[in-house]
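User: I would like to learn how to read side-chain contacts, nonpolar cores and pockets in a model. Could we take them in turn?

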Amino acid sequence: MSLQQWTAVDNYIAGALVEPDAAVAAALAASDAAGLPAIGVSPTQGKLLNLLARLVSARRILEFGTLGGCSTIWLARALPPDGRLITLESVPKHAEVARANIARAGLADLVDVRLGEALDTLPQLAKELDDEHADPFDLVFIDADKPHNADYFTWSVGLTRPGGVIIVDNVVRGGAVADEHNANPDVQGARRLTEVMAADPLVSATVIQTVGVKGYDGFAIAIVGQSA
Ligand code: SAH
Ligand code: DHB
Ligand code: MG
């Protein structure tokens, strides 16, 4: 099996089941023109995020790693008119391109792009939500720098309602995750995430391997507050 075949199948599935998408296409074109890397979710993955948000009737969503806002748009579309998505991004240019893309998609009222390293902006965000007596998050999508995945996951558990879902992208790394001797910080980050998910009695989780236009990778999916 090859990337060429995975791509052909992804294109077939997207052609049949993922609605033609002017907003995401425009966001990708603007991101490309601004020189952002083309590493956002694929159409079939974006649709999966949208379906998961609808499955948990998400009203509050937290995202780590905005890039050009492709996954943000997929997720924000699942929100009701009074919903809210907060997305954390450390690179000013990414945040700027994403804000424009999100506005063009008609989602600016629902989305708050917060600039800064996630571990720096999280304490302030948590305090703000606490002060506002805001509802906890229904869904979290973790897709920023991979070495911090376990830290982001632990923060997310504390900010998510019982029955809420946490999804983590890029946790299989072409299969490298199974190699305990792999020294790559992204791989170590994925392994540490697995350990943290396994150790938390309030978390029920699995990892699904995926192939497609982005190659061989996978995502973790966890439910908070309900053990198996
Ligand atoms: N979720 C996006 C892709 C995100 S790529 C999509 O699927 O469309 C990862 C993003 O995380 C990049 O934009 C990168 O700048 C950002 N990032 C990296 N380290 C970060 C950090 N410490 N805090 C917040 N964002 C970070
Ligand atoms: C990379 C980051 C991602 O979030 C992704 O989905 C694919 C690749 C990267 O940093 O190369
Ligand atoms: Mg990713």
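Predicted model: local features only at pLDDT ≥ 70, side-chain atom pairs only at ≥ 80, totals over all residues.

User: Which residues does Thr-44 touch, not counting residues up to four places away in sequence?

Analyst: With those sequence neighbours set aside, Thr-44 touches Asp-10, Ile-13, Ala-14 and Val-18.

User: How should I read the largest nonpolar core, and which residues have the most contacts inside it?

Analyst: A nonpolar core is a set of buried residues joined through side-chain atoms within 4.5 Å. Here the largest one has 31 residues, and those with the most contacts inside it are Ile-61, Leu-75, Val-111, Leu-139 and Ile-167. Several elements each supply at least two of its residues, including α2 (22–33), α5 (92–104) and β5 (160–169), while α4 gives the most, with five residues. Apart from this core lies another, of 28 residues, among them Ile-86, Leu-122, Val-140 and Val-177.

User: What is the volume of the second largest pocket, and which residues lie nearest its centre?

Analyst: A pocket is read from its volume and its lining. The second largest pocket has a volume of about 250 Å³, and of the 16 residues that line it, Leu-28, Ala-38, Ile-39, Gly-40 and Val-41 lie nearest the centre. Its lining comprises ten nonpolar, four polar and two charged residues, with α2 giving the most, namely three residues.

Technical notes: Residues numbered from 1 in each chain as written. Chains lettered and ligands numbered in written order. Heavy atoms only, no water. Contact = heavy atoms within 4.5 Å. Buried < 20%, exposed > 50% of the residue type's maximum accessible area, 1.4 Å probe, protein only. Helix = DSSP H or I, 4+ residues; strand = E, 2+ residues; numbered from the N terminus. 1 Å grid on protein atoms, 1.4 Å probe; cavity = no way out; pocket = protein on both sides within 12 Å on 5 of 7 lines; lining within 4 Å. Points joined across faces, edges and corners; volume = space filled by probe spheres on them. Nonpolar A, V, L, I, M, F, W, Y, C, P; charged D, E, K, R; others polar.
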